[in-house]
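Subject: Structure handover

Hello,

Here is the structure I promised to pass on. Please open it first, then read my notes below.

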Amino acid sequence: MATRSRPDLVPALEGVTVVFHCASPAPSSNNKELFYRVNYTGTKAVIQACKEAGVQKVVLTSSASVVFEGTDVKDGTEDLPYAKKPIDYYTETKILQEKEVLGANNPDENFLTVAIRPHGIFGPRDPQLVPILVETARKGKMKFIIGDGKNLVDFTYVENVVHGHILAAESLHKNSPVCGKAYHITNDEPVPFWEFLSRVLVGLDYEPPRYRLPYLLVYYLALLLSLLALLLKPFIAFKPTFTPMRVALAGTHHYYSCKRAKEDMGYRPLVSLDQAIERTVQSYPQLRRAE
Ligand SMILES: NC(=O)c1ccc[n+]([C@@H]2O[C@H](COP(=O)([O-])OP(=O)(O)OC[C@H]3O[C@@H](n4cnc5c(N)ncnc54)[C@H](O)[C@@H]3O)[C@@H](O)[C@H]2O)c1
Ligand SMILES: CC(C)CCC[C@@H](C)[C@H]1CC[C@H]2C3=C(CC[C@]12C)[C@@]1(C)CC[C@H](O)[C@@H](C(=O)O)[C@@H]1CC3
């Protein structure tokens, strides 16, 4: 449902028991105002509309990045505090959104909420991760490995993310431990970031990245480029591919524990990373490298 207007939402929600709130502008958007309007004020409108329409359960699609500050997270649990300096404005508004949804949990009034925090979602025909990767490779910018190439990251197949949402909805009832809590949902198979990207690229007939660059060198170069882009904005518009945020995502460990989801809602990934990569690569014949 692509609306943020409460008067539109209420009639659409009449008779509904569970709302899955997945709406967000794409993280790559530059529109700060839109992030705020959709992820924060839009979420408040959704909660209000749910209450007015008598919806009892809300499952929010949050993001594991709400605790990521651009430095290593290894097997991070849900007890990690929210990032004080989130990696971008999208994530800043995901934090506001998650706080709003979890804060609205009120079993006494029969209004139950839970947040799912996936990480690095991918899957067949997704318009984000693989297309961005291929576009970067086509521009000849996927030749380099940032850092030592060993940093482990979670990438989560879309079907496992959906499974986590359904389990959360089914587990949401009065006295359940899931009420008002956040849950990491990943493939539970952390993989070296550069190995994952290489497998997707090679699967689509592109060369994998080969040459190593020191992490800090690339990070500060990206920072410099971003500052330059900001300074030159009134004269020329250019959008650097390697932003500090992308460099941090590419060069640090960021993988999360699913222990809480396993214990409280019986979560297990349904599709392995091998199967997931295979299915995803097969779904993009148009992105395959031409001979
Ligand atoms: N893609 C990832 O790696 C990832 C990881 C963690 C969390 N998430 C979260 O998953 C959810 C789904 O994202 P996705 O990556 O599948 O992208 P998506 O584009 O498939 O889904 C985003 C949804 O938001 C709606 N939307 C966008 N702009 C809107 C607006 N202005 N007003 C109302 N609705 C609007 C779209 O209609 C769409 O249904 C988001 O909440 C996102 O923050 C994504
Ligand atoms: C230019 C290259 C160095 C990197 C190219 C790959 C990137 C397009 C993706 C690899 C990891 C992805 C990722 C996100 C965006 C796309 C990547 C950087 C998110 C930041 C998108 C927003 C989500 O909420 C984040 C999450 O917590 O899952 C994603 C983290 C991984």
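Which residues are the closest to ligand 2? They are Ser63, Ser65, Tyr90, His119 and Gly120, out of 13 residues that surround ligand 2. A residue counts as near if one of its heavy atoms lies within 4 Å of the molecule.

Some ground rules before the rest. This is a predicted model: local features need pLDDT of at least 70, side-chain atom pairs count only at pLDDT 80 or more, and totals for chains, interfaces and linings use all residues. Residues are numbered from 1 along each chain as its sequence is written, chains are lettered from A and ligands numbered from 1 in the order in which they are written, and side-chain values use heavy atoms, with hydrogens and water left out.

Ligand 2

Polar contacts here are pairs of N or O atoms within 3.5 Å. A polar side-chain atom of Ser63 is 2.7 Å from an oxygen atom of ligand 2. For an N or O atom in the side chain of Ser65, the distance to a ligand 2 oxygen is 2.6 Å. Gly120 uses a polar backbone atom, 2.6 Å from an oxygen atom of ligand 2. Taken alone, ligand 2 exposes 640 Å², and the protein buries 92% of that (Shrake-Rupley method, 1.4 Å probe). Its shell has 9 nonpolar, 4 polar and no charged residues. In these classes, Ala, Val, Leu, Ile, Met, Phe, Trp, Tyr, Cys and Pro are nonpolar, Asp, Glu, Lys and Arg are charged, and the others, Gly among them, are polar.

Ligand 1

Ligand 1 is surrounded by 17 residues, the closest being Cys22, Ser62, Tyr90, Lys94 and Ile121. A backbone N or O atom of Ser24 lies 3.0 Å from an oxygen atom of ligand 1. For Ile121, a polar backbone atom is 2.9 Å from a ligand 1 oxygen. Ligand 1 taken alone exposes 820 Å², of which the protein buries 68%. The shell divides into 8 nonpolar, 7 polar and 2 charged residues.

Charges and rings

The whole structure holds 11 salt bridges (a side-chain nitrogen of Lys or Arg within 4 Å of a carboxyl oxygen of Asp or Glu). One joins Glu33 and Arg37, with the closest N and O atoms 2.8 Å apart. The charged end of Lys32 sits over the ring of Tyr89, 4.9 Å from its centre. That term needs NZ of Lys or CZ of Arg within 6 Å of the ring centre and within 35 degrees of the ring normal.

Best wishes

Conventions
Polar contact = N/O pair within 3.5 Å; in protein donor to acceptor, adjacent residues only side chain to side chain.
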